[in-house]
Amino acid sequence: MKRSSTVTSLPCLSLFLLLLLPSVVQSSDDLIDKICQATPFCDLCEASLRPLSPSPSDPKSLAAAMASVVLGNMTDTLGYIQSLIKHAHDPAAERALAQCAELYRPVVKFNIPQAMEAMQGGKFGFAIYVLGDAEKQTDSCQKGITNTGADDESSMAVTARNKLVKNLCDVAISVLKSLMNGL
């Protein structure tokens, strides 16, 4: 007798979980919508957070996910800059790229990972400060690229990457501020 109740309760439990799953996913989507609407680049925020699996389900995990996106993007940009340095023919461009690498390197290796650790400990103000500093480093890199006067394909690509990193930092900072304001 107990065996049959276990067998009939298993399908009921499965059905219940299947019915519950859309509401869990919907609440995560609602949270992403709500937080991203408060950022300066809503589309970028959503494009960064929606593809993540599992989807961040609370504001703290959304902030950590955005910081991770910033770190990944800065790491990719640093790698791209380092590859350009190897192939640079213009000494001024090579110096500007080397300066960019020097600006990006500590942010990628130390600063953003420290910000992510601070977030886990609830030190959101420190994380905001670090992300703001990362944004300033991309600005400094961009000034060096602009001052070379180069308008070739690689300098335009670095410019585009710097802009993306800067915008991602703005989004991450906005997400953290939303978290600090109790969203």
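The model is a predicted one, in which local features need pLDDT of at least 70 and side-chain atom pairs count only at pLDDT 80 or more, while totals for chains, interfaces and linings use all residues. Residues are numbered from 1 along each chain as its sequence is written, and side-chain values rest on heavy atoms, with hydrogens and water left out.

The protein chain holds six helices and zero strands, and reading along the sequence gives the pattern α-α-α-α-α-α. Helices and strands here are DSSP runs numbered from the N terminus, with helices being H or I over at least four residues and strands being E over at least two. Of the 183 residues of the protein chain, 37% count as buried. Burial is judged by relative accessible area with a 1.4 Å probe on protein chains only: under 20% is buried, over 50% is exposed, and anything in between is partly exposed.

The cysteines come next. In general terms, a disulfide is a covalent bond between the sulfur atoms of two cysteines.

When the bonded cysteines of the protein chain are numbered in sequence order, the pairing reads 1-2, 3-4. Cys42, by contrast, is in no disulfide, and the nearest cysteine sulfur to it, that of Cys36, lies 5.6 Å away. With a relative accessible area of 18%, Cys42 is buried. Cys169 also counts as buried, at 0% relative accessibility.

As a rule, two packed helices are described by the angle between their axes and the distance between the axes. The axes of H4 and H5 come within 9 Å and cross at roughly 170°. H4 is therefore roughly antiparallel to H5. For these values, axes are lines fitted to C-alpha atoms, for helices over the stretch in contact, and angles run from 0 to 180 degrees between N-to-C directions. Angles under 35 degrees count as roughly parallel, over 145 as roughly antiparallel, 65 to 115 as roughly perpendicular, and the rest as oblique. The residues in the contact of H4 with H5 divide into 20 nonpolar, seven polar and one charged. In this scheme Ala, Val, Leu, Ile, Met, Phe, Trp, Tyr, Cys and Pro are nonpolar, Asp, Glu, Lys and Arg are charged, and the others, Gly among them, are polar.

Glu94 lies in helix H4 and is partly exposed, with a relative accessible area of 36%. The C-alpha atoms of Glu94 and Thr148 are 9.6 Å apart in space, although the two residues are 54 apart in sequence. Ala101, also placed in helix H4, is buried with a relative accessible area of 2%. Its C-alpha atom and that of Leu78, 23 residues apart along the chain, are separated by 6.0 Å. Elsewhere, Ser48 sits in helix H2 (residues 42-49) and is buried, at a relative accessible area of 12%. Ser48 and Met66 are 18 residues apart in sequence and 7.2 Å apart from C-alpha to C-alpha.

Notes: A disulfide is a pair of cysteine sulfur atoms within 2.5 Å.
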